[in-house]
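Welcome! Here is a short tour of a structure that may be new to you, with a look at its rings, its charges and its sheet.

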Amino acid sequence: MIEAIIFDMDGVIVDTEYLDFQVQKDFVRSIGKEGCAEKEQEFQKLIGRSYAYLAQAIKDLSGSSLSLAEISEQLEEYAKERYQDIDYLSLFRTDMIDILDYAKEKGIKLAVASSSRKNHIEEVLESCGILSYFDTVVSGEAFTESKPNPAIYLATLTKLGVDAQHAIAIEDSAYGIAAAKAAGVRVIAYQETRMPIDQRQADFLCQDMATIFELIQSLV
């Protein structure tokens, strides 16, 4: 019995994870020492990281002598230039509205648990016209440790008033999948083949929102 569906945002609700990945890789190479992070697989540690931990991952990959504060500041400026004209609605996976409408019809609670900043999550959801669907929105910035730590999922379950065994999460990154699983929540992985993501921990693997919707209907 499913009483709640918890969505990750980047890479699930909006197809931004791949864009973020490209920007972060380019930034690593722009500040990195010669020959840094030569293998594509090494960049996996960037995917699904909260903002607080991203700077450390970039420092490790780049071998840069910059401080974490300097890396964060420079990344923010670098990303602003790349994202200034981004249209989140064009990246919105619109077929997920079928899932949202179905959940409301069945009395299933809805939440977003994302490593992104709270104001950014709400901005994206508002841009896509779906903010009002969600019973709660939880940001990784509220926790000392975000994904893969399960704290964000445990807090989301508490806010929803739902036990882990009655919830299901939709995630794409290895960190997100690990966080949900550690909280005792079953996971549907939104399949991603463009980046080196290990999704093997997920309970289910689906290639699109239509397939996820069919699966959810079979589990309710």
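The report below starts with the sheet and then turns to the aromatic rings.

This is a predicted model, in which local features need pLDDT of at least 70, side-chain atom pairs count only at pLDDT 80 or more, and totals for chains, interfaces and linings use all residues. Residues are numbered from 1 along each chain as its sequence is written, and side-chain values use heavy atoms, with hydrogens and water left out.

**The sheet**

Six strands form an open sheet in the order β3-β2-β1-β4-β5-β6, with parallel pairing. Helices (H or I, at least four residues) and strands (E, at least two) are DSSP runs numbered from the N terminus, and two strands pair if DSSP finds at least two bridges between them. At the edges stand β3 (136-139) and β6 (204-206); each has a single partner strand, so one side of each is left without a neighbour in the sheet. On average, neighbouring strands are turned by 20 degrees against each other, direction ignored.

Strands β4 (residues 167-171) and β5 (residues 186-190) pair in the parallel sense over four bridges. Here Ile168 stands opposite Arg186 in β5.

Contact means heavy atoms within 4.5 Å; axes are lines fitted to C-alpha atoms, for helices over the stretch in contact, and angles run from 0 to 180 degrees between N-to-C directions.

| Helix | Strands touched | Angle with the direction of β5 |
|---|---|---|
| α8 (residues 174-182) | β4 and β5 | about 165 degrees |
| α9 | β1 (4-7), β4, β5 and β6 | about 160 degrees |

**Rings and charges**

How many aromatic pairs does a search of the whole structure find? There are four. Rings of Phe, Tyr and Trp (its six-membered ring) pair if their centres lie within 6.5 Å; planes under 30 degrees apart count as stacked, over 60 as edge-to-face and the rest as tilted.

One of them is the tilted pair of Phe27 and Tyr78, 5.4 Å centre to centre with 55 degrees between the planes. Phe27 lies in helix α1 (residues 17-31) and Tyr78 in helix α3 (residues 68-83), 51 residues apart. Phe27 is buried at 2% relative accessibility, while Tyr78 is partly exposed at 22%; buried means under 20% relative accessible area, exposed over 50%, partly exposed in between (1.4 Å probe, protein chains only).

Arg93 lies over the face of Tyr190, at 4.0 Å from the ring centre. A charge sits over a ring if NZ of Lys or CZ of Arg is within 6 Å of the ring centre and within 35 degrees of the ring normal.
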